[in-house]
Amino acid sequence: MKKAVFLLCLTAFIFSTVLAADFPTKPITYVICFDPGGESDITARIQQPYLEKILGVSIVITYKAGGGGATGWSELVNRATPDGYSIYGTNLPHIILQPIQGGVPYKTEQIENIYFFQTTPCTLVVPIDSPIKTFEDFVKFASGKKSVLIGGSGQPSANSFATLRFAKVAKLNLTYVPFTGTGTAVPALLGGNVDALMTYSTVSVQYKDKLRTIAIATEQRVPFLPDVPTFREFGYDVVEKAFRGVAVPPGTPSEIKRILEAAFAEVNKNPEVRAKMEELGFVMEDYNEEQAKELVARLIPYYKELWDETQKMGK
Amino acid sequence: MASFHYLLNAIPQILTAKILLLMVGGVGIGLVIGALPGMSATMGVALFLPLTYWMTPSESLVFLGSLYMAAIYGGSFSAILLRTPGTPSNIGTIFDGYPMAKQGKGWKAILIATYSSLYGGLFGMICFLIFAPMLARIALKFGPPEYFWLGIFGLTVISSLSRGNTLKGFIGGFIGMMISFVGVAPIGGNVRFTFGSSHLISGFGLIPALVGLFCIPEVINMVVQRGQKQLFVEAKIERRTALNTFVEVMRKQIDLIRASIIGFIIGVLPGAGGNIANLVAYSEAMRASKNPEKFGTGVMEGVIATEASNNATVGGGFVPLMTLGVPGTPVDAILYGALLIQGLRPGAELFTTRADVVYTFIVGVIAATLIMVPIGLLFGRGMTKIVYKIPIHVLVPVILLLTMIGSYCVQNNISDVYTMLILGVLGYVLRRFGFEAGPITLGLILGPIAETGFTQGLLMGRRLDYPWTIFFIRPISWVLIALSVVFLLWPLIRKQGPSVAGGKQ
Amino acid sequence: MKSNIIVSAIFILLAFVFLYQAKDLNYLSAIFPQIVSILLIGFCVALIAVSVRKKSQEKTEKMEKKDLLYIVIVIGLSFIWVYLMDWVFGFTVGSIIFMTIISIIVGGKNIKAVQLFGNIVAYAIIAFAFWYLLAKLLVVPLPRGLLF
């Protein structure tokens, strides 16, 4: 079996090097590891026509949802052909946290990110008609309560860590209630089933008329939410965000990686794309392959520490 | 009624050649995708989404909406003729549609499905127009504890669904739930019960499971009947069957309305869709019937219930999507994405800022529901002829191919095809021992809903002295608990319960 | 009835496996599967009790050995079909080959040579139609195998 896999890899490798000269010549599959309609999907859908224009072939978006992305990423590392014709959307901190937690057949280091194009910072939101108007109101409301319910998407996720961190530094009794995505978390808040959401900036922007954002977990305020203060402004050191990027299967020839990297960089520079993304609440970032590697290397120990902390705190 | 004025304005909008063409195209594609075993409405809409980038927002929505509506309807064809739900929303159609086909009344079953789908589809869309803002608020009150009880309530359907042995029905339901546990836990996030297989991290897909559990046993039956020339003999088609059946179906107003209301309400709830609605509507039809023991032998009311309810969920699902910007079903989530990409933000303000888009969409989908009937009948007639005329040995490999394509295309993953085949064999064995596929799939669908609601509810309950009491202190929960208890005890309340009817099909 | 008892026993065993494995999971991941496993055990015990007490009313039809053989062959061929389609033949060629083989086996003596030829043509058309629809129009990556 191992031999067969090796042979297969070899042929694939030979084929891919031969083809690298004129890459790409056929449609590229862009795999989204989450359900259609989510942030990752929308991002890819915005990029799709521009990528097609730059690369000259069609980009096919398919979905391999499941396990909070783990299904898709396991396939990326273990089964996908490294010829550049299948690329996978990746998310931080997910690809760091899942291997730390265990049970997934991939390691963070095995994922070859070639670009991180945007982030979504965590934001704390309440319903627009809530008596809580400001961050101070929230702290007043929460202090001394036995349990304040904070909804968010996923566990472990950027949302859950931001909540834990906030609970710790502010000494509040916050209970994090994970939802399967922002699609189910928002109605839970609107229906009063949780007291607030620790969610992403995209939600803050897209539900502007229904939700009030009272704090954002960034270093500085963001341009599309100029009135929203950061946690740091109140003396709470909570900075947490999710990155979105794209990766290729391990073993993809570097010439092909360069071509894809350049294509994504160009798409990211396109003012139309930037405008569309910012309008939806994404913060544009540019990390090429090298910078992406550094970023991941820097974040691994950080999340390990946070993870150990949550384990110590217990349930 | 300001909306009425917008509606009138929208009618000429859809009468352009391009929009009409898109509607016909959407309906045609939807029918084919729906009728293919395993190709669900979600997949159809996702596959054809890229085509809409070059359309205006209203064109794109009308096209995708038509496709969606037609796919839910088209799924009834394979349910009736092949005993395989074309989409998860057509599971219940098998119970009476397939026996009808076996008796040679396949064409009549398709006619019934068509008219019921038309009725349910229109009912849902009209309710959406009238009740949308009001219902959206109520739907929000549905929190985790309510979803837990909704799951339990759904499971009680088993007591009327399982013919023969209720005990076995519930065991089947629990087995379905156990299958749904495999993979990453929805709330806790742990990887569980994968037995070391990386294929199983995402769990067993619903579609491969459905195709396997329903279709493969049928293929095996065909193999057993290989001596026969055709699968079943078609009864003589009387003249004017189409018209007479229409009159017959429309006489069942109470059945139609009951099923449509159930479908619409379940559609409004975020997270629940046609897959639950059709089964609930079926068991409700059975409970209301004077002859519940006849269900499962090919009665008209069974097909009416499932097909009217599943198309009514379409309009129901648009309620949270268009008023709150909260997509309730996977298809609605894709539509949500399609709107965002077009630069529109779904939500109540869309009704005022872009009323033209919203009302063109509504009128367009209503028109597509009407267009669906002639196209569907043409398509259904052809498919009936093919299934009735083709010899078994030719049909078996084609159906096998369809099951493979259907389960493969969900995620373009070959391991889903193996899953489908394995579950199919398992389903066949269990069926021989009296464990029907219906309850198992119900468990598979409801397991995640009940579990998510349950664990989230426990977290919410932390603010109480006893977390568990969260499930018993909320008014909507009381209603669901009461309904569950009534359903569960129904066979006892009504002595000539469904346990009389044999499980043979 | 004997078969009920055997099946129940298997399910009970399965439930215990789940219960055992759930021990290592965190509370939120484990609680619901544990409850359902216990319920499953309870219902299975009830089924055993009922089966022991009253003699069987349900009948399963006997299956002929020959039928069973055919079923095993067709299902086995389906697995091989998927496997070879994935690794060797690719979608179209693999489908045509295996559709023909299965058709011949199921049809047995009923097939005449002329019919067989017609069937192969029909299968080829079906396979190519799907290939065109999926691979070309919708750009779904179908299994390619070595030949394509």
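Reader: In which sense do strand S5 and S6(A) of chain A pair, and over how many bridges?

Author: This is a predicted model. In it, strand S5 (residues 148-153) of chain A pairs with S6(A) in the parallel sense, over 6 bridges.

Reader: How does the chain cross from S5(A) to S6(A)?

Author: The chain passes through helix H6 (residues 158-170) of chain A, and this β-α-β crossover is right-handed.

Reader: Which residue is the bridge partner of Gly152(A) in S6(A)?

Author: The partner of Gly152(A) is Pro178(A).

Reader: Turning to chain B, what does its secondary structure come to?

Author: Chain B has 20 helices and 2 strands. Its C-alpha atoms fill a box of roughly 65 × 60 × 50 Å along the principal axes.

Reader: What is the radius of gyration of chain B, and what would a compact globule have?

Author: Chain B has 22 Å, which agrees with the value near 23 Å that a compact globule of 505 residues would have. As for burial, 69% of the 505 residues of chain B count as buried.

Reader: And what share of the contacts in chain B joins residues at least 24 apart?

Author: Counting contacts between residues at least 6 apart in sequence, 80% join residues at least 24 apart.

Reader: A local point next. Where is Pro467(B) found?

Author: Pro467(B) is in the loop between helix H19 (437-460) and helix H20 (475-493) of chain B. With 15 other C-beta atoms within 10 Å, Pro467(B) is partly exposed.

Reader: With which residues is Pro467(B) in contact, leaving aside neighbours within four places in sequence?

Author: Those residues are Leu458(B), Gly461(B) and Arg462(B). Gly457(B) is 10 residues from Pro467(B) in sequence, and their C-alpha atoms are 8.2 Å apart.

Reader: Finally, how many residues do chain B and chain C each give to the contact?

Author: Chain B gives 45 residues and chain C gives 49 residues. On the side of chain B that touches chain C, the elements giving two or more residues include helix H8 (166-181), helix H9 (206-224) and helix H18 (414-432) of chain B. The largest share of that side, 11 residues, comes from H17(B).

Methods. Residues numbered from 1 in each chain as written. Chains lettered and ligands numbered in written order. Predicted model: local features only at pLDDT ≥ 70, side-chain atom pairs only at ≥ 80, totals over all residues. Helix = DSSP H or I, 4+ residues; strand = E, 2+ residues; numbered from the N terminus. Rg over C-alpha atoms; globule rule 2.2 N^0.38 Å. Buried ≥ 20, exposed ≤ 12 C-beta atoms within 10 Å, placed from the backbone. Contact = placed C-beta atoms within 7 Å. Pairing = 2+ DSSP bridges. Right-handed = clockwise from strand over helix to strand, strands pointing away.
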